[in-house]
Every structure is written in structure tokens, then in C-alpha cells.
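Hello,

Here is the structure, as promised. My notes follow below it.

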Amino acid sequence: MGFLSRRKPKAAPVAIDENNPIEEDLARMEEFVPDRHDDDDGAAPAGPVADTGPSSSQAAGEDPESAPPAGEPDSPDESSEEVSLEMEPSEGAAVATEPSEEVLEDDDEPGDGRMKAVDLIAPTRLDFLNEKAAAAEEQPTDTAQVIAFANQKGGVAKTTTTLNLAVAFAESGYRVLCVDLDPQGNLTMSQGIDPDKVEKSLYDVLVNDMPLAEIIVKREIDIAVASIDLAGAEIAMSTKIGRERTLEKALKEVAGDYDYVCIDTPPSLGLLTINALTAANKVIVPVQCEYLSMRGLVQLQNTLRMIQENLNPNVRIEGILPTMLDTRTIHAKEAIEILEENFGDLVFRSRIRKAIKFAEAPVKGSSVLKYDSDSSAANYYRELAKEVLANGSS
Ligand SMILES: Nc1ncnc2c1ncn2[C@@H]1O[C@H](COP(=O)(O)OP(=O)(O)O)[C@@H](O)[C@H]1O
Ligand SMILES: [Mg+2]
């Protein structure tokens with residue numbers, strides 16, 4: 001296509017050409033590309049079952065306790081908002097209480113009737129600080145890496161990637177939970193569960209605050225199932241306070257039980273997807289290797305930036321995954337070149353090629369890794385799993 005044949009040589013990345021909307025799209029795409037190397041996380045992946053230690057402390061360190069986006073960093077007293085009151089003092093509490101006791105001892109000597117430092121702190125405040133310090137110590141230390149699979153375009157292999165990558169993680173010994181946040185329930189179906197017959201689903205978690213553990217079904221991996229009524233969840237949640245954080249909160253209750261949580265999202269950027277991006281620390285974007293699929297990336301980047309600014313500063317794109325690749329077509333090869341020119345090393349090196357097994361496996365209610373374990377289709381996702389694990393530890 002004209003779009004593809006007019007791409008720039010590698011040495012000269014992106015120059016905006018007159019009023020061509022496609023060129024502008026590409027320029028905007030590049031503008032939004034976060035630099036993977038600038039990421040602050042140094043994220044070691046959650047370790048396999050046998051060695052969750054290092055990963056979990058990392059995850060706990062970066063995630064829920066340390067950086068509530070709504071909180072003001074230095075203002076535990078401005079605590080009219082629940083979030084900042086809960087989160088901020090917990091780390092500082094130990095620091096705040098210990099020095100006050102030291103001061104108490106130093107001041108103890110003279111006995112000149114002067115007030116001791118500890119007397120200056122209201123007893124209720126002191127209790128509060130001590131309780132917070134104790135609570136901080138009791139927090140479970142291991143927390144799952146949460147990966148959302150998002151692209152508002154349908155049919156780009158979000159569900160296929162969520163399931164097969166999750167199973168590849170599980171094969172490597174990791175504890176994995178899949179979350180089916182798409183009302184179509186394709187992920188649920190791919191594990192042989194009929195979403196029409198499910199009694200308790202994510203709808204109950206998101207709308208009625210049912211504990212997530214109650215709707216988890218064990219199959220190849222654990223799966224938090226969708227039901228058909230999930231389609232009504234966005235409207236039912238719309239008046240809820242903290243509606244964007246409902247999934248994040250629900251996941252916290254089980255996060256210590258898993259190394260990876262993989263969230264499949266619907267083909268839209270509505271409240272369900274926003275819940276997924278708010279709960280996630282990584283986003284994998286499956287992209288079909290053609291122009292129209294890539295165009296949607298600009299919109300997704302905009303949404304993600306909005307989430308980073310308002311709800312979840314820690315979320316970042318883990319990678320863009322070229323899917324359904326047919327290496328025989330020039331169009332697909334050129335589409336990949338354009339992706340790499342615009343998104344650099346944000347594009348995974350792994351490629352998911354077209355294979356009929358991806359359509360066959362869900363009919364049998366299984367992943368491709370189980371359906372035909374030795375197939376090259378299964379190995380595409382094993383390779384991707386290695387790459388994600390390696391990224392996490394670099
Ligand atoms: N690599 C692939 N090769 C061939 N077909 C694929 C591949 N990946 C996915 N599919 C098929 O494409 C369709 C859409 O995939 P799906 O994962 O449901 O996309 P999404 O969740 O983005 O809508 C499904 O029928 C799936 O079996
Ligand atoms: Mg899907």
C-alpha cells in the first residue's frame with residue numbers, strides 16, 4: 001500500500017510529510033513512545049514458586065503501599081482523603097516513632113520539670129503511628145506482577161495471547177491467575193467453561209464487591225471467569241465511588257497467591273479496560289501486522305497516558321507484540337518494519353505467526369501449549385514468555 005511503500009529508510013526515522021494523516025499518526029505514535037530504558041522499576045520478575053523472595057519484595061516496594069497517586073508526599077496530616085491517610089504514614093511511622101523515643105531518653109536526665117518530647121505528641125496520635133508501623137510489618141511481602149493485554153481493536157489476539165502466555169509462565173513454574181474482563185467471555189470459553197452457565201463471575205466482584213477468590217476456577221491456570229452479564233458491569237459501576245480502582249482492590253486480596261496476573265480486556269477503552277490498566281503494572285499490546293491495527297495504538301497510548309497521570313503512575317508498556325504474522329506477505333514484513341521504526345525496542349523480538357492451531361485449541365477448551373505441546377505455535381508463546389521474564393530481570 002502507499003502507506004507502506006512510502007516508509008522512511010531506517011537511518012531517517014519519522015519526518016512529518018505535509019498533510020498526510022498517516023504520517024501524522026506515525027509522528028504522534030513516536031511522540032508517545034516511552035523509553036523502556038528510562039523505566040525506573042529495574043523490575044525483577046516475580047520468581048518461580050521456589051524463589052519468590054526477591055521478586056516479591058520488589059513488587060511490594062513499588063506497588064500498593066508506596067505510591068498512592070492521589071496522596072500528597074509530605075502531608076500525612078492533610079488526611080481528609082482516606083487514601084493518603086492510609087498509605088503515607090505506614091512507611092514513615094517507624095521512623096517517626098523511634099526518634100521520639102530516643103529524644104525521650106536524652107531528655108530524661110535533667111528532671112527539671114521540662115516537658116519530654118513524647119509528652120508533646122498526643123497519645124492518640126502516638127497509638128496511631130505505632131499501629132501503622134505494626135500494620136506495615138504485617139503486610140504480605142509478595143505481590144504479583146499484573147499484566148494487562150490491551151488493544152481496543154478486536155481480533156488482534158489479545159485473548160489468545162493472554163491464555164497462551166499465562167500457560168507458558170505456568171509451565172516455567174510460576175503461579176498464574178488469568179482474569180477474563182471481556183464480556184464476550186472468550187478466555188473463559190477457551191478453558192472449557194461456558195460463560196452463560198457461570199453463576200458467580202467478575203460482574204459480582206466489580207459490582208457487588210464479592211471477593212475475587214470466590215469466582216476463581218482452576219483449569220490449566222487459575223481463571224477469574226466472565227459471564228454474559230459482565231456486559232452490564234460498566235453501567236452498574238458507573239455511579240460507584242472509586243469505580244476505576246475496583247479491580248485493583250479486588251486483586252490485592254489474592255496478589256500474594258500468584259506470581260503473575262494476566263488480564264484479558266474487551267475491545268474498547270471503556271471502564272473495564274480502565275480498571276485493567278489501573279490494576280496493572282505492565283501492558284502488553286498485541287498488534288496484528290497491518291496498518292489499521294497500528295493506527296489504534298495512538299488512541300491506546302493516549303488512554304494509557306491519562307491513566308498514568310490520574311490513576312496509576314507505575315503502569316508502563318511492557319511491549320508491542322506482532323501477532324498473526326504471515327511472513328509470506330510483503331505487507332506484513334513492511335508493517336513490522338514500520339512498527340520497529342516507530343516504537344524501537346518496545347516491539348518484542350518474539351513474533352507470533354499465523355497458525356490454524358490457535359483457532360483449533362479453544363474449541364477443545366485448551367491452550368495451544370496443551371493442545372499441541374510440541375508445535376511451533378506453542379513455542380511462539382514459550383519464546384515470548386522467556387522474553388518477558390528476561391525484560392523483567394534486566
Ligand atoms: N497466531 C494466530 N494465527 C491464527 N489465528 C489466530 C492467531 N492468534 C489468534 N488467532 C485467532 O484469531 C481470532 C481472534 O483472536 P483473539 O485472541 O480472540 O483476539 P482478540 O481477543 O483480540 O479479539 C481467534 O479466532 C483466534 O483463534
Ligand atoms: Mg478477546
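H6 is mostly covered, with eleven of its 14 residues buried (under 20% relative accessible area, 1.4 Å probe, protein chains only). Among the buried ones are Lys158, Thr159, Leu163, Leu165, Val167 and Phe169. This is a predicted model: local features need pLDDT of at least 70, side-chain atom pairs count only at pLDDT 80 or more, and totals for chains, interfaces and linings use all residues. Residues are numbered from 1 along each chain as written, chains are lettered from A and ligands numbered from 1 in written order, and side-chain values use heavy atoms, without hydrogens and water.

Helix H6 covers residues 158-171 (helices are DSSP runs of H or I, at least four residues, numbered from the N terminus). From first C-alpha to last it reaches 20 Å, close to the 20 Å expected (1.5 Å times one less than its number of residues). Just after H6, Gly173 has a positive phi of about 95°.

Now the ligand. The shell around ligand 1 holds 14 residues (a heavy atom within 4 Å). Gly155, Lys158, Thr159, Thr160 and Arg353 are the closest. H6 gives the most to this shell, with three residues.

- Val156, backbone N or O atom, 3.0 Å
- Lys158, polar backbone atom, 2.9 Å
- Thr159, side-chain N or O atom, 2.8 Å

The protein covers 76% of the 560 Å² of accessible area that ligand 1 has on its own (Shrake-Rupley method, 1.4 Å probe).

Best wishes

Terms used
Helix = DSSP H or I, 4+ residues; strand = E, 2+ residues; numbered from the N terminus. Buried < 20%, exposed > 50% of the residue type's maximum accessible area, 1.4 Å probe, protein only. Polar contact = N/O pair within 3.5 Å; in protein donor to acceptor, adjacent residues only side chain to side chain.
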